[in-house]
Amino acid sequence: MFAVIFIPNFSLQAVLRHEPDLRALPVALVDSKLLKPAIVQLTPAAQACGVAEGLTASQAMARCAELIIKPRSPAQEDSATEVLLQTAYAFSPNIESTAPGLCTMELKGMAFDSHQGAIEPWAQKIIEVLAQFHLAAKVGLAVTPELALLAARAASPVMALSRSIKKHPTPNIQHRTTNDSLSGNSLDVGSMLDVECSQGFTGEAFESLPIASLEPTPEILAILRRWGIQTIGAFLALGKDQVTERLGPEAAQLFNRVSPDSPRPLKLVVPAEEFSEQMDFENEIETVEPLLFVLRRFVEQLSRRLELIYLVVAEFQLQLGLSSGAKYERLFKIPAPTGNIDVLFRMLQTHLETVRTDSPITSLRLAAKSARPEARQFGLFETTLRDPNQFAETLARLTALCGSDRVGTPQLEATHRPDAFKISQAFQSASSGDSRRNAGLETPVNPPTAISALPLRRFRPPCPSHIEFSDETPALLRSEVFIGPIIATRGPFFSYGNWWDSGRWARQEWDVETSDGSLFRIFRSFEGCFVEGVYD
Amino acid sequence: MTETYVELHCRSAFSFLRGASTPGQLAERAAHLQMPAVALCDRDGVYGAPQFFSRARELGVRPIVGAELTMEDKTVLPVFVQSRAGYENLCQLLTRAHLRNEKGKCSVHWHELPEFAGGLVALVAPAFQPAPQVIEDLRHLFGPGNVFLEIQRHRVRGEERANKIRIDLARHFGLPLLATNGVLYASEAERPILDVFTCIRNHTHLDVAGRLLEQNAERHLKSPAQMCELFRDLPDALANTVRLAGRLDFTLENLGYEFPSFPVPPGQTMDSFLREKAFAGAINRYGEVPAKVRAQLENELALIQKLKVAGYFLIVWDIVEFCRQNDIMSQGRGSAANSTVCFCLGITAVDPLKFHTLFERFLTEGRKTSWPDIDIDLPSGDRRERVIQEIYQRYGKHGAAMTANVITYRGRSAAREIGKALNLSSDVLNRFSNLYANGDFPHTLDLPAQMEKSGLPKTHPRAAAFVTLCSSIQGLPRHLGQHSGGMIICQGKLDRVVPLENASMPNRVVAQWDKDDCEDLGIIKVDFLGLGMMSVLQDTVKLTHELGRPVDLAKLPPDDPESFALMQTADTIGLFQIESRAQMATLPRMKPQNFYDLVIEVAIIRPGPIQGNLMHPYLERRKQVANGADPAGMPCYHDNLRPVLQRTLGIPLFQEQMLELAMVMADFSGAEAEELRRALSFHRSQEKMRRVEKKLREAMRRKGHSEQLIDEIAATIGSFALYGFPESHAISFAHLAYASAYLKAHRAPEFYAGLLNNQPMGFYSSATLIKDGQRHGVKFLPVCVRQSEWDCTIEHPSATQPKPPEFDVRSSMLEVRSSSASEDHPIRLGLRIVKTLSNSGAKRLLKERAKAPFTSLIDFKRRARLNKDELRTLAEIGALNGFAAHRREALWEVEKPLRQNDLFEVESMDTSSPLAPMSYPERIQADFAGMQLTTGSHPMALLRPRLAGILRAADLPAAKHGSTVRIAGNVICRQRPGTAKGFVFVSLEDETGISNAIVTPPMFEAHRLVITEEPFLLIEGRLQHIDGVIHVKAQRIERLPHNPSVASRSYDFH
């Protein structure tokens, strides 16, 4: 006996999992990786507005102005797959990750394998658990994985096929054709199969399942559609030999899928031990409140998932994707592993309230490492702080005091701006992103320094000064390092950049000799005049 | 003033993404800085030289010609031209370097330099750090005093160290230093454009381009004083610029272009030979040559002789002869084509004496730099290509070239590229492209608003830069394309006049200058324009001959009532020039009754007359004349203009009238009229038009005309800068329009077959053409592999098979207009209509069928050897129904594998297909899937029972003016003409015809996506029925739920 958990519209459900309120609204999922980006899944509300799969976003919006377009998110699909597999694993040790949104379970040896009455409540329980994770699932049970899958597709929400399918030797199919085909309505076929099912399931329902449920190859599916074959029943009625002769062994496989005789072996998997949730934000996030809102949901979900297998959180890894392409990462070790949502969330919140990123946040990922809930003994040589939460809070306060651009590691930027650098965040992992589109650019990462015979001793920060100009040439310098006339100059040297946004900068630079024989490098910028250094 | 500095190293935007200003901007800046001369050195070409030459000369700056050569090792060697020989060498060198490479690439081999170094001066640029031996070689190649070491200062720290090395190098080798600023843009303000171009060129964006970008904005054109200040320690480097500029006295004025002479028989001159041919032609045309014609010929021949252009006429005549000998229809147009000589030579079909469009009035000695203009219209496609290849063959690859078409940054494409460079999110850019995919609509939304709707708020830190860049980048060159038909010829030595390069099309060579530049420099071009309608006419005439009811286009009856009836009722789908929605909306008001009415109709629906507000007054006066008013009494700007404007009821509609108007009212000379004509032709140059207008106003003031009259005339002429039509063009086009109307009226089957065989062309899809044909009683038979040829053909009645029941067109839904004569000649759709059928597959099919008819589907599959996709499509559209009971049976059988080696296979099908036949709607859907058309019912006919209260197109004439009506249909055309102030016109097709809706700008903005994206619409609005023109002014627009796969292609926002 096999069970299949089927999550309809899996990609869409994965995206809406953390925004369940949207389920009742017209929402459409666009796959931008397609050659011509189009809608691939949609909510019933969107369907009711006339939106259909295959439309472009613009076409869909033409039909429904309120339509919310969401991009497909592989990251969120991965999270949802984890949830699905981990949930299934909590119910059976033999599970297969069949496809996105599909998990097949072998029920051999389980208590109800010989007691049919218990099977439906068991399946219902799976659905309930997944509902806690905001995934609406259906479960099908049958003697082969393929039949279970078909049952799952037809279920509402549970269906068990208790015995095998019998085929009627029907030589021909009489289609009921109507003008509706131009409006996209499918064709019905007569009853072909005799199946005994739970919950009043009838053969007609099974045979009227769309032919796509058998998952033929796109080429075979196109041929079958040209033939006018819309349903499984109509397909089976064509006869295996006839179809196989024309469409080859792949078509024969389709017939085998509905055969109760040869269950295929499952490719068993064990769910990953890492638990993560992630989300790509449609709109960039610039304040902490919406981030905390989502983060709270993540903590809840992860805690529940661990609770399902009697574990608690030992470590969080927080990752923020930034619009600049860079990533902000932070590891939180939990000194006393816990499943307490409030404790876990507060720790993240304290940290995030002090974080300043140089560009808006575009994605969020929170991964948890699990541990058993018992108390833990520190290792002798372990340098871990006894109270990491406290330490994190200390660092966060330090950042708040000094500014996020002053705590971390400086990195030179590839620009003409002298000394341009950025601070990478303290404790940031090495995987910070490089957003260059063209890795092959012949741009030096570090700006070349003008070779000079004299070493320049830099003032850090540059020394603010007052410079008097005569005919745009520096004539008098007043600063902490020197006050007096300038007797010779070289320059100016001009540079300006980032004219395209608020980061615009400009600089005029001179080398000057002062009346005491010193040589200084001075410059003028939007911020004023400065002495940058002295030549030794 | 003493000359102190001349800038000798400027790149313009014609260096394609390596310079940020137009040549004109550089010339203007140089003039502003009082620089006596400037050299333009674009990368690998002289693309911008003509524009630079003409603008600089106007401003009193001496334009020096140069170019940067990309060498085979990627170093760049700037060179200047000091003599015509040098210019010819440069052109030949560039031609060779381009022609050996694919389009857009150029590499000069070092070993080629010796051959072409004569007359050139080389510059060792800062980026080039040659080995000592290379410097010696260069000096040896170019000669003493012809190699300079360039030195630049851009106020960048560290550059002096490199300069010091160069100064030492110059001293060591005794080379003169040359100070330049390596100019990349005219003024500092254009530096951002260059940065954006750098990003585009390197496929990156500003945030990561880093040191690829300019460090500062110092590479602009600086004044001599600024440069003297910068190089005050190197006075020689400055003085050398003046000295060298003095030596570089070559200008494009001295191109040495000569049009090839025409080989004439011994004892003849070109003039005598032309005379002989012209008079021989006159006898052919008129029989006995009337005195009036003879006199006109004498006049014209004398003028042609005086201007020494007989060779040009003979060469064009020769090309037209080639067309005639090779069964290629041709028709001449253009200013010189208004001549009786051209008419007699057979170049044109228009007798200018009939229409008073005499050419010598404008072909005067004033046209010193501009040659007479003859365009030749040819059937588009292969036939036109044959003519072009013949020209290449006759004049050699280095003797003939297509003129260039400089593609410039415009509208949406510019915005998208800038958006990418600014690193705006791809979502915003995609949304922008989607929302404004059909053009820019500044009428209702400016660019910031468009971007805001696309997701880029006006407060975005980059929004301001985006908007500024979008406007400043407009019109800058993006890349070089080829003109659709303009060719320049110079017997065997065109590559000495202008560099040539490969076009992206195989076997095409393109010059580096566009047609306006060529015209400016006195290079004669001949336009070989491909017209789809010429192909249609030629094919249609051929079909009429095959059917035994031939039509001779040269002898069409004038003023054929049935042809004009089609026009008067706007039944003009498929007709040349008068099938657009705007034409259809005018025809019932204009009610053309003779050929000249048609000429006016062709000319009046142009942006020029529409924008000049000339169309409505003309139609109004026409109405008055129809009601008995005296045409001679119509208001005219001035009594002196009556002879000029009388034939158009006092309204100037043609370019020729504009010129005459200027001659009469402002005493413009022939040369000034020519200047005006060129300004009218230069649609893009507002500046040129402003200058001529100023001259015109001053001249009219001098003649004492009132300011009001001056304003009126200036405004009228100004509007013609927007695509006004010359009368001769209108006459030529009207000829084609009349011929197409005649054929539609009298040879409908042949005409529709011709149209279908030349798609895509015109305003309507094949699906719409077929429906129009059916409404005219033409019968269309489906594609059949046993009957169809590649092209659509006319079947002899006896050959027509009884139609299969599934193709029973619901004729009750169609209003059949025409006689049964058309039904007697049904059109069999050709294999070319089938979307997935390859050319080679179709050829094989036809070849096998010619050997022996196919006896069965198995026989067909075996012999035609089509792939599965082709077989499936043929089965799906019913083309295999000759072998099967229905389409699905054929679909079932085509999947059955062939047993290739079984010689004894029984050639009969198992007819027990388990598949049900397709329903009627399914067949329609299959037709659209396989052919994008159907010979069956219009998709709307199937919906009709559910469309209660919705009027069909055919019902609209009976509806009351002002009443509220609902129409629905497949959108076949969406238009938003620039002249319509943001109004949008939507054409809906249903089973009875086409209905038109007008959408106001606010309504369009409110329903933009529904209108632009939905293939079927339901529109409710007020019916406007005025003078036989019917429109629905939309008040409510919504989607009509229908299967989009049965929609025809829509002709949108062209």
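Mentor: Of the 536 residues of chain A, 47% count as buried. This is a predicted model. Chain A has 14 helices and 23 strands. Among contacts in chain A with a separation of 6 or more, 61% come from residues 24 or more positions apart.

The helix contact to examine is in chain B. Helix α1 of chain B spans residues 23–32, helix α2 of chain B spans residues 49–59, and their axes come within 8 Å and cross at roughly 25 degrees. Angles under 35 degrees count as roughly parallel, so α1(B) is roughly parallel to α2(B). The crossing of α1(B) and α2(B) is right-handed. On the α1(B) side, the contact is made by B:Pro23, B:Gly24, B:Leu26, B:Ala27, B:Glu28 and B:Ala31. Facing them in α2(B) are B:Gln51, B:Phe52, B:Arg55, B:Ala56 and B:Leu59. The residues of this contact between α1(B) and α2(B) divide into seven nonpolar, two polar and two charged.

In helix α17 of chain B, residues 411–421, the buried positions are B:Gly411, B:Ala414, B:Ala415, B:Glu417, B:Ile418, B:Gly419 and B:Ala421. The cover over the buried residues of α17(B) includes helices α7 (191–201), α8 (206–209), α18 (426–435) and α20 (463–473) of chain B, along with strand β11 (477–489) of chain B. After α17(B) comes B:Asn423, whose phi is positive, near 60 degrees.

The cysteines form no disulfides: the count over all chains is zero. The cut-off is a pair of sulfur atoms within 2.5 Å. The sulfur of B:Cys342 has its closest cysteine sulfur in B:Cys344, at 9.5 Å, which is too far for a bond. B:Cys342 is buried, with a relative accessible area of 0%. For B:Cys470, the closest cysteine sulfur is in B:Cys199, at 14 Å, again too far for a bond. B:Cys470 also counts as buried, at 4% relative accessibility.

That leaves the backbone. Most residues other than glycine have a negative phi, and most peptide bonds are trans. A:Tyr310 has a positive phi, near 60 degrees. A:Tyr310 lies in the loop between α12 (288–308) and β13 (312–322) of chain A, and is exposed, with a relative accessible area of 69%. B:Ala570 also has a positive phi, near 55 degrees. B:Ala570 lies in the loop between α23 (561–568) and α24 (581–590) of chain B. At a relative accessible area of 16%, B:Ala570 is buried, because buried means under 20%.

Cis peptide bonds are the last item. One joins A:Gly491 and A:Pro492, with omega about 0 degrees. A:Pro492 sits in strand β20 (residues 483–497) of chain A. Another cis peptide bond joins B:Gln759 and B:Pro760, with omega about 0 degrees. B:Pro760 is in the loop between α34 (748–757) and α35 (766–775) of chain B.

Methods:
Residues are numbered from 1 along each chain as its sequence is written. Chains are lettered from A and ligands numbered from 1 in the order in which they are written. This is a predicted model: local features need pLDDT of at least 70, side-chain atom pairs count only at pLDDT 80 or more; totals for chains, interfaces and linings use all residues. Side-chain values use heavy atoms; hydrogens and water are left out. Axes are lines fitted to C-alpha atoms, for helices over the stretch in contact, and angles run from 0 to 180 degrees between N-to-C directions. Helices (H or I, at least four residues) and strands (E, at least two) are DSSP runs, numbered from the N terminus. Angles under 35 degrees count as roughly parallel, over 145 as roughly antiparallel, 65 to 115 as roughly perpendicular and the rest as oblique. A crossing is left-handed if the near helix is turned anticlockwise from the far one by less than a right angle, and right-handed if clockwise. Contact means heavy atoms within 4.5 Å. Ala, Val, Leu, Ile, Met, Phe, Trp, Tyr, Cys and Pro count as nonpolar, Asp, Glu, Lys and Arg as charged, and the others, Gly among them, as polar. Buried means under 20% relative accessible area, exposed over 50%, partly exposed in between (1.4 Å probe, protein chains only).
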